[in-house]
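I am opening a notebook on this structure.

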Amino acid sequence: MQNYKSKRLRQRLPLYLASLYLPKEMKASLKGRYTNDQSTSVVTLAVNAGDVKLLASMSDATIVKGPRLNNLTLTVEKPGTFIIDYDVPKKDFRFQFMNLIWVADKPLKLIYNHDHGGNQTVMDGALVLDSTNKVSANYMFGTRNLKVKYSYVHGGVSVYEPCYDLGKNAWDFSVSRRVFDDVFKATYHSWTRDFALEWSRNSNFNGTFKISATINMDVESKVPKIFAESTWDMEM
């Protein structure tokens, strides 16, 4: 009997030791996108490794054409702190760093983005004044591309957002309203004279999706540009 127990222990010990190093949680997501011109899909695998997440994203071109590394991106993310993306085929990095500071007892969220290959650096900032008012800005270093946006939440379900683009000297306006899990949004860009209607849903049971139709007010035909995106998440 003692020999039998020792044998069983030796058989199970490698499996137990291996389980200590296997990821405790892995998630996969499938995102599909459709426009008037084309449709694409992206598969993402995410593994929790302590305080950070390891992700690998592959487009449908990677799957269809076999083991080649087309459109493969590897990511290391620490939520709320940093994100580092590595584009495998382009051998290019993108960095994103996040920070939270307090200004006159108000939280100011800062996000620093740097695209190494594109040599572009963008800073985003959002100052939350209270539960209904927020001011945010987006600036690309070395240019006049500065956008300032004010957000006002009315009744907890409606959001009004005027935005001024300093580089283009133009205004954008958007209005959205939440109805249960659904959000309906209308946006107008004065620079391009594009008017868009959007319907999105974020559900824990049926995944997320977004459908939008955009019309250019200067085009006589008024044929809308359709965009649809759907995401399904599953735990492995």
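**Entry 1**

I started with Glu161. Is it buried or exposed? Glu161 counts as buried, because its relative accessibility is 17% and the cut-off for buried is under 20%. I keep in mind that this is a predicted model.

I then looked for a charged partner. Glu161 forms a salt bridge with Lys149, and their closest N and O atoms are 4.0 Å apart. This pair links distant parts of the chain: Lys149 sits in strand β10 and Glu161 in strand β11, twelve residues apart. Lys149 comes out at 30% relative accessibility, so I note it as partly exposed.

**Entry 2: the largest pocket**

Next I looked up the largest pocket. Its volume is about 380 Å³. I count 19 lining residues, and the closest to the centre are Ser136, Lys147, Lys149, Glu161 and Cys163. By residue kind, the lining divides into six nonpolar, six polar and seven charged.

**Entry 3: the second largest pocket**

I moved on to the second largest pocket. I note a volume of about 240 Å³. It is lined by 14 residues, with Lys27, Thr44, Ala46, Lys53 and Leu55 the closest to its centre. Strands β1 (26-35), β2 (39-49) and β3 (52-59) each supply at least two lining residues. Which strand gives the most? It is β2, with five residues. The lining of this pocket divides into six nonpolar, three polar and five charged residues.

**Entry 4: other salt bridges**

How many salt bridges does a search of the whole structure find? The search finds five. I looked up two besides the pair of my first entry.

Asp85 forms one with Arg94, the closest N and O atoms being 2.6 Å apart. Asp85 has a relative accessible area of 13%, so it is buried. Arg94 is partly exposed, at 30% relative accessibility.

Asp218 forms another with Arg193, and here the closest N and O atoms are 2.6 Å apart. This pair also links distant parts of the chain. Asp218 is in the loop between β15 (207-216) and β16 (225-235), Arg193 is in the loop between β13 and β14, and they are 25 residues apart. Asp218 is exposed, with 52% relative accessible area. Arg193 is partly exposed, with 33%.

**Entry 5: Gln96**

I looked up Gln96 in strand β6 (residues 92-103). Its relative accessible area is 14%, so I record it as buried. What does its side chain touch? I find a polar contact with the side chain of Asn113, at 2.6 Å. Leaving aside neighbours within four places in sequence, Gln96 is in contact with Thr81, Phe82, Ile83, Ile111, Tyr112 and Asn113.

**Entry 6: Ser203**

My last entry is on Ser203, which is in strand β14 (residues 194-203). At 10% relative accessibility, Ser203 counts as buried. Once neighbours within four places in sequence are left aside, Ser203 is in contact with Asp181 and Thr208. I also checked Phe180. Ser203 and Phe180 are 23 residues apart in sequence, and their C-alpha atoms are 9.9 Å apart in space.

Definitions and conventions:
Residues numbered from 1 in each chain as written. Predicted model: local features only at pLDDT ≥ 70, side-chain atom pairs only at ≥ 80, totals over all residues. Heavy atoms only, no water. Helix = DSSP H or I, 4+ residues; strand = E, 2+ residues; numbered from the N terminus. Buried < 20%, exposed > 50% of the residue type's maximum accessible area, 1.4 Å probe, protein only. Contact = heavy atoms within 4.5 Å. 1 Å grid on protein atoms, 1.4 Å probe; cavity = no way out; pocket = protein on both sides within 12 Å on 5 of 7 lines; lining within 4 Å. Points joined across faces, edges and corners; volume = space filled by probe spheres on them. Nonpolar A, V, L, I, M, F, W, Y, C, P; charged D, E, K, R; others polar. Polar contact = N/O pair within 3.5 Å; in protein donor to acceptor, adjacent residues only side chain to side chain. Salt bridge = Lys/Arg side-chain N within 4 Å of Asp/Glu carboxyl O.
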